[in-house]
Amino acid sequence: MTPYALIYTAVLLGLFVLAGGGYGGFYSVGRLWSNTVLIRAGVACYLVAILLALAICLFTPLAALWKVVIVLSVLIYAAIPPVTWRYLAKLHRTPEESK
Amino acid sequence: MYRSQKLAVRYFVAAVTLFGVMTIAGLLSALYYLHPSLLFNVFNFNMAKIFHIDTLIIWLLMGFMGAVYWFLPQELGREVEGIWLAEILFYVFCAVVAVVSVVFIFVQYGSSNEFSLWFINQGRKYVEAPRWAAIGIVIVVLTFVYNVVATCFKARRMTGILWVLVLDLIPLTLLYLDAFPALTNMSKDLYWWWWLVHMWVEGTWEVLIGCIMAWALMDVMGTSRRIVETWLYIEVMLVLGAGILGIGHHYFWIGTPQYWLSIGGFFSALEPLPLLGMVVHAIYDAGAHHMKTNNRPAFYWILAEAFGNFIGAGVFGFMMTLPQINLFSHGTQWTVSHGHFAFWGAYACGVIAVLYLAKQKISGVEFLDGRAWKWGFGLLNFGMIGMVGGLLIAGIAQAFYERAIGGSTMMAYMAGQENPWFVSGMYARMGFGLIFAAGYIVLVYDLLSSGKRAPKAVVKSQTT
């Protein structure tokens, strides 16, 4: 790994998780306020996360195993906010509402 | 108030005091980077750093213990068993900390012999306290475990949160015993030492703060027990699942087998996943209760905990955890940046939230709000973000110039320390550290006085 590759790889990795967090944050606030603009902003963040994952896979000298981990992570990121949200909504339902 | 809660308040006072000592020692440590000859041979950098990191551990531990003593009688509807012993041992704990501090200031370190290990300084980072003091801490923690377990037995009642807490107290106590061995083989010593440091911080403490936050959520937002307990089980499972083997991300440059680096990298790479779930959870819970709370400072500190944990541990951690990066970033200011943010987000914000919960009950106000806490909240978080930003710049410069270009030689180290990016980062850390210290002063002022200004706060929060 060259000195420059060290820096841009690390920055891409950090931005990748941050974009994932942006997706989770915007998606959740959008769902909370039923605001489609915010949900779309969340989806945009997720698209950025995909692009960053792609950049990490194509342009960084990380070993193949770590690139697989990044690809799997970006796939799992897609599911976390909606699945967590649905689960939380189910959990918050009273027994009467569930019936 | 229960006697246990009165004891909790004493623990909170001690914790906040040590938080202050930690802040002062941190500022002093930052100054050494700008003026390396400061207090040379009088009070060297290593001693300021010991004060900074040891008080970090102790103030958080005291905060956690205080929080458990605060919530436990509420949870079981009875006084804590053996509370008289806990009250005595609180003073023993404080006396141990005071005596060790005096020794660290005036004696500092001794020769490489048994006497130094027992009475001056064990020389192992985070657990420098001499053995007699470490034994004292074990006794205090064992009493704490006894208090929790015996109270559950006497009450003949166990809740989900208490099960998690009791099971967590076993490794919490056992792992601390790892503070005692003095192995002469450095590789072996550091291998086991990381078990204490990592497993506490990314294992037992995560579970402990999870239990405390579960109680805090029920208190601040009225979240139902069924919800907090279900979420606690899931989060504990995910955090421990990724956290335990994540220990490998520390095993660099100490002579451990290479496979640890891949194991550590892989499990650390999983750690942002549960943290992302926690962000969604925090937003959902805040929204489910329409941001309504009778304790706004505690509510905002709980939110800060979720977001700070995600960014500090998740984003800053992931940036440097994969082995090919960690190889270069390990032990630089980059790590320090991640450590500061992760500790702040994961633990400090949670403990401050509990301080405000206790404050509300002690002052007897129905709604807790006001202006000072916002200043404290803003200055502390702004100061922390600035500090970790400065440290990140300094750390990246160090990894780039000293490690990647210079090849980690002594000359490269010196060149790295003089690099303008490194120096600017350290100046930024100092400046933002002062802002953080100002935030601490406002926090203390608010904790001491917000109850007195309660009537105004009630009116304000009712009208907004």
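**Contacts and architecture of a two-chain predicted model**

Leu91(A), leaving aside residues up to four places away in sequence, touches Ile227(B) and Thr230(B), where two residues are in contact if their C-beta atoms, placed from the backbone, lie within 7 Å. The structure is a predicted model, in which local features need pLDDT of at least 70, side-chain atom pairs count only at pLDDT 80 or more, and totals for chains, interfaces and linings use all residues. Residues are numbered from 1 along each chain as its sequence is written, while chains are lettered from A and ligands numbered from 1 in the order in which they are written. The model scores ipTM 0.92 and pTM 0.93. For chain B the pLDDT, which is the predictor's confidence in each residue on a scale from 0 to 100, averages 91, with 97% of the residues scoring at least 70. Residues 456-464 of chain B stay under 50 in pLDDT, and for this stretch the model has 13 contacts beyond four places in sequence.

Chain A contains 4 helices and 0 strands, these elements being DSSP runs numbered from the N terminus (helices H or I, at least four residues; strands E, at least two). Its pattern along the sequence is accordingly written α-α-α-α. The radius of gyration of chain A is 17 Å, whereas a compact globule of 99 residues would have a value near 13 Å; this radius is taken over C-alpha atoms, and the globule rule is 2.2 Å times the number of residues to the power 0.38. The C-alpha trace of chain A spans about 60 × 25 × 15 Å along its principal axes. Of the 99 residues in this chain, 39% count as buried, a residue being buried if 20 or more other C-beta atoms lie within 10 Å of its own, exposed if 12 or fewer, and partly exposed in between, with C-beta atoms placed from the backbone.

Helix α2 of chain A (residues 36-59) has 24 residues, which at 1.5 Å a residue should span 34 Å, and its end C-alpha atoms are 34 Å apart, in agreement with that value; the expected span is 1.5 Å times one less than the number of residues. Among the buried residues of α2(A) are Gly42(A), Tyr46(A), Ala49(A) and Ile56(A). The buried residues of this helix pack against α1 and α3 of chain A.

The contact between the chains takes 31 residues from chain A and 31 residues from chain B. On the side of chain A that touches chain B, α1 (3-32) and α3 (64-92) of chain A each supply at least two residues, and the largest share, 16 residues, comes from α1(A). By class, this side of chain A divides into 21 nonpolar, 10 polar and no charged residues, where Ala, Val, Leu, Ile, Met, Phe, Trp, Tyr, Cys and Pro count as nonpolar, Asp, Glu, Lys and Arg as charged, and the others, Gly among them, as polar. Leu91(A) itself is found in helix α3 of chain A, and it counts as partly exposed because it has 17 C-beta neighbours inside 10 Å. From chain B, the buried residues of α9(B) pack against α3 of chain A together with α8 (225-243), α11 (296-321) and α12 (323-329) of chain B. Those buried residues include Gly264(B), Phe266(B) and Phe267(B).

Chain B has 17 helices and 0 strands. Its radius of gyration is 22 Å, close to the 23 Å that the globule rule gives for 464 residues, so chain B is as compact as a globular protein of that length. Buried residues make up 52% of the 464 residues in chain B. Among contacts in chain B between residues at least 6 apart in sequence, 79% join residues at least 24 apart.

An automatic or database domain assignment, the source of the domain bounds, divides chain B into domain 1 (1-157) and domain 2 (293-458). The C-alpha centres of these two domains of chain B lie 21 Å apart, and their contact takes 19 residues from domain 1 and 18 residues from domain 2. On the side of domain 1 that touches domain 2, the elements giving two or more residues are α1 (3-34) and α2 (45-76) of chain B, with α1(B) giving the most, 14 residues. Gly63(B) is found in helix α2 of chain B and is buried, with 27 other C-beta atoms within 10 Å. Leaving aside neighbours within four places in sequence, Gly63(B) is in contact with Phe12(B), Ala15(B) and Val351(B).
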